[in-house]
Amino acid sequence: MDEEYDVIVLGTGLKECILSGLLSVDGLKVLHMDRNDYYGGESSSLNLIQLWKRFRGNEQPPAHLGSSRDYNVDMIPKFIIANGALVRVLIHTDVTKYLYFKAVDGSFVYNKGKVHKVPATDMEALKSPLMGIFEKRRARKFFIYVQDYDENDPKTHEGMDLTRVTTRELIAKYGLDDNTIDFIGHALALHRDDRYLNEPALDTVKRMKLYAESIARFQGGSPYIYPLYGLGELPQAFARLSAVYGGTYMLNKPECKVEFDEEGKVVGVTSEGETAKCKKVVCDPSYLPNKVRKVGRVARAIAIMSHPIPNTNDSHSVQVILPQKQLGRRSDMYLFCCSYSHNVAPKGKFIAFVSTEAETDHPQTELKPGIDLLGPVDEIFYDIYDRYEPVNEPSLDNCFISTVTMMPQHTLSQLSRMY
């Protein structure tokens, strides 16, 4: 281990593994270490026995749930948007040869106590029960504007500079009501709260176009894809990529201590009495707790069920977004479900996750609106965990610290800043 590396990566979460793969492909000498004896870190996928150990201690899972090894339960579940930056990274790096993806069946939104399919085009808007007949016509005009919008063709801008016009001003031009704005902003543009309304509209239009392009790419019922055997496959695939390009991996390395010189710049990492030298460190927040601050908490429920989510056309994989306004909250809630069709559970079993930014200390109460949509559950687990963000200046200490995100597009936006 007493060697010099360009970069040492600590932790095998999704972001850390993507970066280690990309840096290795770029020709850098990379050492990747983890205190755990498995890949994935907080992004790992657990079998049934591991899940029970994490949430129920020494209890054994009931036999009726089937074989432990048939379960791959993501600890930080996320669907991947099919035409997004992460998919382009997967294709560019050829990591797709290690992975198999399947389209997600459905994308839904919660509105006035009911679950509805998300309309993504002008034609779907005309058929959607989310809107009355006059609102449908207004929404259709807005969808056509978004579909035709080309950043480089002023003829498609209708006299508006979307780098200056706010989303609120753009939507006001079409006279859309609050319910329509709600599902456009949260279920199509995938904003997590309503701050986007006062920000330049270009970002929202780009997000809506990405949603429509992603649906078209796989001709599925949603814009999302998801790997067979769960999201835990992604860190392992990028770890293989790094290894192919000369990256060195060391799991089960306790007490990985980041070392600094007198100027506060990173010089290496010590574990078990040996120090590997390096110019830069990439890590998750747990490796440098004095360089991060707590910015929030995520409340989450994991349910094992024997049926699909009701009112989602019997979809075997689905996302339901519950916009904040519909729940009287400050942030959205997400309901994510996958099943044996993605090889994450035995035949006939479904895994559902309900998650949101925690606003109280009572996850069961907070998550109730999402859990009420599940129907009967075989087992349910509740969890609440902290979110951190870096407070250091990487240009001064050469430490690049990742954060936990709930949406895949936020993963890539942070990666581009770290890379």
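**Helices, a sheet and a crossing**

Reader: How do you know that the span of helix H8 agrees with its number of residues?
Author: At 1.5 Å times one less than the number of residues, the 18 residues of H8 (residues 201-218) should span 26 Å, and the end C-alpha atoms are 27 Å apart, which agrees. Helices here are DSSP runs of H or I with at least four residues, strands are runs of E with at least two, and both are numbered from the N terminus. This is a predicted model, where local features need pLDDT of at least 70, side-chain atom pairs count only at pLDDT 80 or more, and totals for chains, interfaces and linings use all residues. Residues are numbered from 1 along each chain as its sequence is written, and side-chain values use heavy atoms, leaving out hydrogens and water.

Reader: What makes S5 and S6 edge strands?
Author: The open sheet has 3 strands in the order S5-S9-S6, with antiparallel pairing. Strand S5 (80-81) and strand S6 (101-103) each have a single partner strand, so one side of each lacks a neighbour in the sheet. Strands pair if DSSP finds at least two bridges between them; S6 and S9 (residues 224-227) have 3 bridges.

Reader: Why are H5 and H7 called oblique to each other?
Author: Their axes cross at roughly 40 degrees and come within 11 Å. Angles under 35 degrees count as roughly parallel, over 145 as roughly antiparallel, 65 to 115 as roughly perpendicular and the rest as oblique, so H5 and H7 are oblique.

Conventions: Axes are lines fitted to C-alpha atoms, for helices over the stretch in contact, and angles run from 0 to 180 degrees between N-to-C directions.
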